[in-house]
Amino acid sequence: MGPKSERVYRTIREWISEGRYSPGSKLPSERTLSEELSIGRTALRQVLAKLVSEGLVEVHGRSSYRVPDRSVTTETPTDVEPWQIHGERTVYDNRWVKLSLVDVEPPGVDRFEHHVVRLHRVAVAAVLDDQDRVLMMWRYRFVPQSFGWELPGGIVDAGEEPMQAALREVEEETGWRPTTLDHVVTYQPMVGMVDSPHEIFVGKGAKLVGEPTDLEEAGHIAWVPLSDIPELMARGELMGSGTLVALLHVLASRGAGASPTTAA
């Protein structure tokens, strides 16, 4: 986008963040915005398309835009009790994995020992470019014995912030340095037995700074169109929960399937 479009983009973002247009409210028509912000309709649509892609605006109809209403109406239950933990003993431990037996007592159930696998914290990054493509790697994983597409990511080192780990992993595995990354969610991939917090980041823009330095992790590197993601998912070619969670977040944030081309 040019300087004028960038100015308009920042202005509308500020309007939303400052509450001029509250969640669920409708933005003025394209004609009104065009006149108020002194920008042509074509350039305005490019700005609105970018806002849609970032989840800040939703498309309603052909040329109607609203601020998403993400207010939560589901109440948190207060009548469920946590399990009591009476102790823990280590069965196996090394630098990669720790297996423990935890003495637990669920409400109304006799105490028993529950296996718990403790792994490292992990950071995963979905980096997008201005052509609606995401930076991915085609890799072989020997555990499932299959090839598939993955987002760059890896273990958060001791004393390292997850954001820094995500930036480092993208560069080491792909040779691209992200321009920006934003944290979107922390989740547990197998919450019933495995403790391994996954930190998911999404960013826009990257600069090629060299060849991948982590040759064990790097595979075939490509910018994959977001429009291909649903079909790759259906074909079982997206590997790893971090990849799936990050890409589903990206697709969901685009206004229930709306894309910049739809907005334009």
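In this predicted model, the largest nonpolar core holds 20 residues. Val134, Met136, Leu151, Val224 and Ile229 touch the most other members. Six elements each supply at least two residues of this core: strand 6 (122-128), strand 7 (133-141), strand 13 (198-204), strand 15 (220-225), helix 5 (229-234) and helix 6 (241-252). Strand 6 gives the largest share, four residues. In soluble globular proteins, nonpolar side chains tend to be buried together.

A second, separate core has 19 residues. Val8, Leu33, Val47 and Tyr65 are among them.

Now turn to a pair of helices. The axes of helix 2 (residues 30-37) and helix 3 (residues 41-53) come within 10 Å and cross at roughly 105°. An angle of 65 to 115 degrees counts as roughly perpendicular, so helix 2 is roughly perpendicular to helix 3. Helix 2 makes the contact through Glu30, Arg31, Leu33 and Ser34. Helix 3 contributes Arg41, Leu44, Arg45 and Leu48. By class, this contact has four charged, three nonpolar and one polar residues.

Four strands form an open sheet in the order 3-4-5-12, with mixed pairing. Strand 3 (84-93) and strand 12 (194-195) stand at the edges. Each has a single partner strand, so one side of each is left without a neighbour in the sheet. Strand 12 pairs with strand 5 (residues 112-118) in the parallel sense, over two bridges. Arg118 stands opposite Asp195 in strand 12.

Note on methods. Residues are numbered from 1 along each chain as its sequence is written. This is a predicted model: local features need pLDDT of at least 70, side-chain atom pairs count only at pLDDT 80 or more; totals for chains, interfaces and linings use all residues. Side-chain values use heavy atoms; hydrogens and water are left out. Axes are lines fitted to C-alpha atoms, for helices over the stretch in contact, and angles run from 0 to 180 degrees between N-to-C directions. Angles under 35 degrees count as roughly parallel, over 145 as roughly antiparallel, 65 to 115 as roughly perpendicular and the rest as oblique. Contact means heavy atoms within 4.5 Å. Ala, Val, Leu, Ile, Met, Phe, Trp, Tyr, Cys and Pro count as nonpolar, Asp, Glu, Lys and Arg as charged, and the others, Gly among them, as polar. A nonpolar core is a set of buried Ala, Val, Leu, Ile, Met, Phe, Trp, Tyr and Cys residues joined through side-chain atoms within 4.5 Å. Buried means under 20% relative accessible area, exposed over 50%, partly exposed in between (1.4 Å probe, protein chains only). Two strands pair if DSSP finds at least two bridges between them.
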